[in-house]
Amino acid sequence: MRVLIVCSSGGHLTQALALRPWWGAHERRWVTFPVEDARSRLAEEDVVECHYPTVRNLPNLIRNVGLARRVLREFRPDIVLSTGAAIALPFFAQARRHGAATVYIEPVDRIARPSLSGRLTYPFADRFLVQWPQLREHYPGAEDVGMIL
């Protein structure tokens, strides 16, 4: 199985790295920020650096839409997984067109209120996972998986 893991650096990357027992068994590629945190933690991984910053930056959103199209076409993932944040949107919006399922995990620090990235990716997610049961009322059909860290 081919897995495309799309996430911001920092805490989002930490949560994605915690899933290593699952993704470690699959062919994978990462899409994340061009920052030292991500570069050092993913030094042994296949990484594509996205256009950064992604928050409230329309030019970079447009550039990342093109990047997502290219990465999805070339890598042909079976699953696109994201732990957030904004970089997930251009990949989730195009994943189905490329035959990939999408799985979004709302970050652990979202306890009672949904994140903006979660709200934007929710319509494109095949599976939407939350780490706190309270969030299920904001995301009908979401699965509570408990804390992954």
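A salt bridge joins Glu 143 and Arg 127, with 2.5 Å between the closest N and O atoms; the term denotes a side-chain nitrogen of Lys or Arg within 4 Å of a carboxyl oxygen of Asp or Glu. Glu 143 belongs to strand E7 (residues 143-144) and Arg 127 to strand E6, so the pair ties together parts 16 residues apart in sequence. Helices (H or I, at least four residues) and strands (E, at least two) are DSSP runs, numbered from the N terminus. The model is a predicted one, in which local features need pLDDT of at least 70 and side-chain atom pairs count only at pLDDT 80 or more, while totals for chains, interfaces and linings use all residues. Residues are numbered from 1 along each chain as its sequence is written, and side-chain values use heavy atoms, with hydrogens and water left out.

Glu 143 is partly exposed, at a relative accessible area of 30%, and Arg 127 is also partly exposed, at 44%. Buried here means under 20% relative accessible area, exposed means over 50%, and partly exposed lies in between (1.4 Å probe, protein chains only).

In total, the structure holds eight salt bridges. One of them is formed by the side chains of Glu 27 and Arg 2, at 3.3 Å from N to O. Since Glu 27 lies in strand E2 (residues 27-32) and Arg 2 in strand E1 (residues 2-7), this pair ties together parts that are 25 residues apart in sequence. Glu 27 has a relative accessible area of 43% and is partly exposed; Arg 2, at 27%, counts as partly exposed. A salt bridge is also found between Glu 45 and Arg 28, whose closest N and O atoms are 2.6 Å apart. Glu 45 is in the loop between H3 and strand E3 (47-49) and Arg 28 is in strand E2, so that pair links distant parts of the chain, 17 residues apart. Glu 45 and Arg 28 are both buried.

On a 1 Å grid over the protein atoms alone, a pocket is an open set of points where a 1.4 Å probe fits, with protein on both sides within 12 Å along at least five of seven lines, and lining residues have an atom within 4 Å of a point. The second largest pocket holds about 190 Å³ of space; grid points are joined across faces, edges and corners, and a volume is the space filled by probe spheres set on the points. At least two lining residues come from each of strand E4 (79-84), strand E5 (101-105) and strand E6 (127-130), and E5 gives the most, with three. The lining comprises 10 nonpolar residues, no polar residue and one charged residue; Ala, Val, Leu, Ile, Met, Phe, Trp, Tyr, Cys and Pro count as nonpolar, Asp, Glu, Lys and Arg as charged, and the others, Gly among them, as polar.

The largest pocket has about 430 Å³ of space. Its lining has 23 residues, of which Val 55, Ala 85, Ala 86, Leu 116 and Ser 117 are the closest to the centre. Helix H4 (58-75), helix H5 (88-95) and helix H6 (116-121) give two or more residues each, with H6 giving the most, four.
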